[in-house]
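Visitor: I would like to learn how to read the sheets and helices here. Where do we start?

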Amino acid sequence: MKRIVSPGRVSGSLKIPGSKSHTIRALLIASAAQGRSIIQAPLDSSDTRAALSLCRSLGARVAEEQGRWIVEGTGGAMKQAHIDVGNSGTSLFLAAAVAAASDKAVSFDGDEQIRRRSAAPLLDALRALGVEITESGEAGCAPFTVKGPLQGGKVSIFCPTSQYLSALLLAAPLSPSGRSTEIEVPLLYERPYVEMTLKWLDDQGIEYQRRGLEWFLVPGGQHYRPFSAAVPADFSSATFFFCAAAITGDKLLLKGLDPTDIQGDKMVLPILEKMGCCVTPKDGGIEIQGPKEGLCGGTFDLNSIPDALPALAATACFAKGETQLINVPQARIKETDRIAVMALELTGLGADIREMEDGLLISGRGPKGLSGGNVRGHGDHRVIMAEAIAALGAGEEVIIDDDGAVAVTFPNFFSLLDSIRKV
């Protein structure tokens, strides 16, 4: 559906929904466990629905109640299945490895964007660990089929997306007793997401050895246990509202966020502080005050937080001076090439922005940084939300061609945005 967002101010408070990354990890671990797990406050979005559906396809029973999902796990006895992950890359990569721990053939497919996102390094690693892989797509892209069981062994894997490593770490404990999986990681982007996976393993009592995030040894013959846990609020989703306050110079209270949580996207906050915002933990959440005197540019390394690039690119258009968003080449292999797409669409709104190989160079024009106009969302939820917050500071309304993709991670984004608009 077409969405028109007018310039305006924001104020008040809002509750941020649960983390997609935590929710999908919780579902996969609960599905592999023997017994009943309770996932409280899960994110309900199309991505997590894809994960929920695939867990059911693998044999888990999931009951949906108000504010929680109850999962009866398979204990590792998964079913043969044909799984469509929709648009969920996280579900595709993590579930492909977990499914490969069983001796059943499980095939994976997805939408047009998923069919362009290569799993080749992960599939090659699974082959080296004894998994039979049948590929129908091109260059390691879906559709493909995995058939285990995972046998353990030694692999070296380059990880331009952290999801390759997280997938192996989730699956490796499920290899047979007496077998171990040794993983060497010469390249790793998005490191905080691996720390999140390790936190889940730690909470499960899974044994492993590691040297930093460059080497792991995981014994087989281990099992996941049923659990009850609450999903923390999502800093990736919160980023758009943090940036909305930064762009307008207004104050917002974002409830439910835990500053001590492992999520990497909380690193957006020190970036916004360097740009002139004031950030304060308050009332079970985080309050942000945008600068009255205007934002300042800077150079920011986004390698650990690539999902923040669209929102920060929009924000930088309203800063004084030059902003460089660097060391984030993996932003080109998300749902879209987000470096190219953000440069294209923000330029159409009047930005002075240039693509770099690994990021964006933005010459901000202060509070009047963008005009209005028509933009395309490219079927990318984070691009659409970034365009919407950019509209708050634009000279005229911004018309987004289709807002449907926000349902991937943040179905109520626009209703929350409307709730904090000043009238």
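Guide: With strands. Helices (H or I, at least four residues) and strands (E, at least two) are DSSP runs, numbered from the N terminus. Two strands pair if DSSP finds at least two bridges between them. This is a predicted model: local features need pLDDT of at least 70, side-chain atom pairs count only at pLDDT 80 or more, and totals for chains, interfaces and linings use all residues. Residues are numbered from 1 along each chain as its sequence is written, and side-chain values use heavy atoms, with hydrogens and water left out.

Visitor: In β11, which residue is the bridge partner of Ser 156?

Guide: Strands of a sheet pair through backbone hydrogen bonds, either parallel or antiparallel. Here, Ser 156 has Glu 184 as its partner in β11. β10 and β11 (residues 180–188) run parallel, joined by six bridges.

Visitor: What is the strand order of the open sheet with β10?

Guide: The order is β10-β11-β13-β12, with mixed pairing. β10 (153–159) and β12 (209–211) are the edge strands, each pairing on one side only.

Visitor: Which strands does helix α5 lie across?

Guide: Contact means heavy atoms within 4.5 Å. Axes are lines fitted to C-alpha atoms, for helices over the stretch in contact; angles run from 0 to 180 degrees between N-to-C directions. Helix α5 (residues 162–171) lies across β10, β11 and β13 (215–219), at about 155° to β10.
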